[in-house]
Amino acid sequence: MIPGDLRYTAEHEWVAGDGSGPVRVGITHFAQDALGDIVFVQLPDEGTAVQAGDSLGEIESTKSVSEIYAPIAGTVVAKNASLGDEPELINAEPYAAGWLVEIVPDDAGDIGRLLDAEAYKALTET
């Protein structure tokens, strides 16, 4: 369950898009599986500037509360409002309906510096 067309972080976030416009960000299947049943998500407001590695919000599951980290620097232009009422979408569809935010990158080149699917797969198999 590691789509080949996405980029990844070592903290288990994924990024969809090449950076020429807003990119979509979520957490991976691996991350949602490790978290268990997700019951609450806190996300930044639209217009929030983020730096790569900064906290982007929190995901609360029946097991724990975990930070979500910004995979790239940029400005949040959308957040998935559906998660307010249905945080379990992250468990059901982490690469589709369970996306978290959209970010306009400060530097589109940052996307290419993230892990590709093969590198992320190697990370999760260790």
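Which residues are linked in a network of salt bridges? Asp-107, Asp-110 and Arg-113 are. A few friendly notes follow, and please keep in mind that this is a predicted model.

1. Let's begin with the network. Arg-113 takes part in a salt bridge with Asp-107, where the closest N and O atoms lie 3.2 Å apart. Arg-113 also meets the side chain of Asp-110 in a salt bridge, at 2.7 Å from N to O.

2. How open are these side chains to solvent? Arg-113 has a relative accessible area of 57% and is exposed, because exposed means over 50%. Asp-107 has 37% relative accessibility and counts as partly exposed.

3. Now for another pair. Glu-102 and Arg-24 join through their side chains in a salt bridge, with 2.7 Å between N and O. This pair links distant parts of the chain: Arg-24 sits in strand β3 (residues 23-27), Glu-102 sits in strand β9 (residues 101-105), and the two are 78 residues apart.

4. Arg-24, at 29% relative accessibility, counts as partly exposed.

5. As for the overall tally, the count comes to 4 salt bridges. Among them are the Glu-102 to Arg-24 pair, the Asp-107 to Arg-113 pair and the Arg-113 to Asp-110 pair.

Definitions and conventions. Residues are numbered from 1 along each chain as its sequence is written. This is a predicted model: local features need pLDDT of at least 70, side-chain atom pairs count only at pLDDT 80 or more; totals for chains, interfaces and linings use all residues. Side-chain values use heavy atoms; hydrogens and water are left out. Helices (H or I, at least four residues) and strands (E, at least two) are DSSP runs, numbered from the N terminus. Buried means under 20% relative accessible area, exposed over 50%, partly exposed in between (1.4 Å probe, protein chains only).
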